[in-house]
Amino acid sequence: MNHLQIDNAYGIMAIGFLAQAFFSARILVQWLLSERAKKVLSPSAFWVLSLAGAYLLCLYGWLRNDFSIVLGQFISYYIYLWNLHAKGVWTKVPRLIRYMLLLVPMVALALVADNAETYFNRFFHNEEVPLWLLIYGSAGQVLFTLRFVYQWYYSYHRAQSSLPAGFWLLSLAGSLTIVSYGCIRSDIVLIIGQSFGLVAYIRNLCLLYQGRKR
């Protein structure tokens with residue numbers, strides 16, 4: 001590996017760690033605010049940090065030719081936006097930025113569709129990620145991302161942004177799967193990033209259980 005490849009590898013890793021820093025910060029903020037309130041909260045900062053982390057982690061997955069990472073971020077992206085709208089934050093964002101946030105994923109999908117064969121070979125014929133591992137990693141990302149689909153469904157029917165018990169159970173199961181995938185791929189970004197949240201997921205479940213007892 002030459003110096004340019006090493007520099008590129010470190011640069012990609014830095015993007016991944018920055019993305020995980022945003023995701024870890026959202027969990028930390030949510031956890032601290034929930035501990036203070038003695039109940040599980042869904043703060044606006046959680047969704048803002050989620051959006052920032054999603055952009056960076058999607059870029060990281062793209063540069064790593066890792067389809068499972070990109071897939072996970074695309075599924076949850078617009079759910080983050082819905083929650084920002086439900087929290088009343090979306091309308092406070094400048095209109096130009098709102099348009100950019102809405103359109104960037106669609107433009108990216110259009111570019112991929114226009115060069116479908118090239119991107120298919122790039123993601124699915126990656127020697128570093130055999131097909132069975134790609135399926136396993138994608139399944140973990142889908143499971144992890146389904147928590148936001150469930151969260152959106154739960155919140156939509158209650159007309160408010162909430163983080164119910166099912167969200168944290170799916171978080172726990174998905175995170176454990178992604179950590180094991182990261183171990184197999186020797187992806188320190190996924191291992192460290194996902195491991196941080198495990199304690200918070202369990203703690204939120206405990207807060208919900210205590211709240212129901214009260």
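Predicted model: local features only at pLDDT ≥ 70, side-chain atom pairs only at ≥ 80, totals over all residues.
Student: Why is Phe-167 called buried?

Tutor: Buried means under 20% relative accessible area, exposed over 50%, and partly exposed in between, with a 1.4 Å probe and protein chains only. Phe-167 has a relative accessible area of 0%, so the residue is buried.

Student: Which residues does Phe-167 touch, beyond those up to four places away in sequence?

Tutor: Phe-167 touches Phe-46, Arg-147, Phe-148, Tyr-150 and Gln-151, where contact means heavy atoms within 4.5 Å.

Student: What makes Glu-35 and Arg-203 a salt bridge?

Tutor: The rule asks for a side-chain nitrogen of Lys or Arg within 4 Å of a carboxyl oxygen of Asp or Glu. The closest N and O atoms of Glu-35 and Arg-203 are 2.4 Å apart, and the pair forms a salt bridge. Glu-35 lies in helix H1 and Arg-203 in helix H8, so they tie together parts 168 residues apart in sequence. Helices here are DSSP runs (H or I, at least four residues), numbered from the N terminus.

Student: How many salt bridges are there by this rule?

Tutor: The count comes to two. Arg-64 and Asp-187 also meet in a salt bridge, at 3.1 Å from N to O. Arg-64 is partly exposed because its relative accessible area is 22%, whereas Asp-187, at 2%, is buried.

Student: What makes a set of residues a nonpolar core?

Tutor: Its members are buried Ala, Val, Leu, Ile, Met, Phe, Trp, Tyr and Cys residues joined through side-chain atoms within 4.5 Å. The largest such core has 38 residues, and those touching the most other members are Trp-47, Leu-51, Tyr-80, Leu-81, Phe-148 and Trp-168.

Student: How is the lining of the largest pocket made up by class?

Tutor: The lining of the largest pocket has 13 nonpolar, one polar and no charged residues. Ala, Val, Leu, Ile, Met, Phe, Trp, Tyr, Cys and Pro count as nonpolar, Asp, Glu, Lys and Arg as charged, and the others as polar.

Key: Residues numbered from 1 in each chain as written. Heavy atoms only, no water. Helix = DSSP H or I, 4+ residues; strand = E, 2+ residues; numbered from the N terminus.
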